[in-house]
Amino acid sequence: MIEAMPADNTFDHLRDSDGEHVGYIHMTPGGDFVPFDLLHRRRAEPMDLEAAEALLNELGLAMFTEDWWLDIDGQWIPVLIQEVRRDRVSVAPTAAGAIAKAADMNASIELPLPAARLHRGQPGPGTSP
């Protein structure tokens, strides 16, 4: 189960170099900071603010160029992330036989965040990520 990103004391993190929104930072009651990516996934244990910002800056939007899989009733299908909003993500199944990554934009699937059915990487046969 994916840990829910806390609503209280969580703020947007914008990369200094270009102002791009690259994640969220939660301030703990103890004064530490926990980085969450755009998909509301916790990326590290509590740390100081500069380290949390640096982690999100490094992660940036590159995570969306990786392979993603959507679990539909136990069957894993490859998908491309189309759009990420504050409360949801839209994905599209990749087109079969495509030379480069391509998606069937007519088959878009919208998921609320955090999306426990969306997995990064490539699962092995009969395995979970």
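# Reading the labels on this model

This is a predicted model; the protein chain has a mean pLDDT of 86, and 84% of its residues reach 70 or more.

User: Which strands have the lowest and the highest confidence?
Analyst: Confidence is lowest in E5, at a mean of 90, and highest in E3, at 98.

User: What does Leu38 touch?
Analyst: Not counting residues up to four places away in sequence, Leu38 touches His21, Val22, Gly23, Tyr24, Leu61, Phe64, Val84 and Leu113. Take Phe64: Leu38 and Phe64 are 26 residues apart along the chain, and their C-alpha atoms are separated by 9.9 Å. They still count as touching, because contact is judged on heavy atoms within 4.5 Å.

User: What makes the phi of His40 worth a look?
Analyst: Most residues other than glycine have a negative phi. His40 has a phi near 70 degrees, a positive value in a residue other than glycine. His40 is also in the loop between E3 and H1, and its 9% relative accessibility makes it buried.

User: Where is Asp73, and why is Asp73 called exposed?
Analyst: Asp73 sits in the loop between strand E4 (68–72) and strand E5 (75–84). Exposed takes over 50% relative accessible area, and Asp73 has 81%, so it qualifies. Asp73 has a positive phi too, about 50 degrees, although it is not a glycine.

User: What about the peptide bond from Leu113 to Pro114?
Analyst: That bond is cis, with omega near -5 degrees. Most peptide bonds are trans. Pro114 is in the loop between strand E7 (109–112) and strand E8 (118–120).

User: How many salt bridges are there, and what makes Asp18 and Arg15 one of them?
Analyst: Searching the whole structure turns up eight salt bridges. For Asp18 and Arg15, the N to O distance is 2.9 Å, and the rule asks for within 4 Å. So that pair passes.

User: Are the two partners buried, exposed or partly exposed?
Analyst: Asp18 is partly exposed at 47%, whereas Arg15 counts as buried at 17%. The line between those labels is drawn at 20%.

User: How do you know that Arg85 and Glu83 form a salt bridge?
Analyst: Their side chains meet at 2.9 Å, N to O, and the limit is 4 Å. Both residues are partly exposed: Arg85 is at 40% and Glu83 is at 36%.

User: What makes Asp87, Arg88 and Glu110 a network?
Analyst: Salt bridges link the three residues. In one of these, the closest N and O atoms of Arg88 and Asp87 are 2.9 Å apart. Arg88 counts as partly exposed at 24%, and Asp87 likewise at 45%.

User: Which residues have the most contacts inside the largest nonpolar core?
Analyst: That core has 20 residues, and those with the most contacts inside it are Leu39, Ile81, Val89, Val91 and Leu118. E3, E4, E5 and strand E6 (88–93) each give two or more residues to this core, and E5 gives the most, with three.

User: What does Ile81 touch?
Analyst: Leaving out neighbours within four places in sequence, Ile81 is in contact with Leu39, Phe64, Trp68, Val89, Ser90, Val91 and Leu118.

User: Which residues are in the second core?
Analyst: The second core is separate and has seven residues, including Val22, Phe33, Met47 and Leu56.

Conventions:
Residues numbered from 1 in each chain as written. Predicted model: local features only at pLDDT ≥ 70, side-chain atom pairs only at ≥ 80, totals over all residues. Heavy atoms only, no water. Buried < 20%, exposed > 50% of the residue type's maximum accessible area, 1.4 Å probe, protein only. Helix = DSSP H or I, 4+ residues; strand = E, 2+ residues; numbered from the N terminus. pLDDT = per-residue confidence, 0-100. Core = buried A, V, L, I, M, F, W, Y, C linked by side-chain atoms within 4.5 Å.
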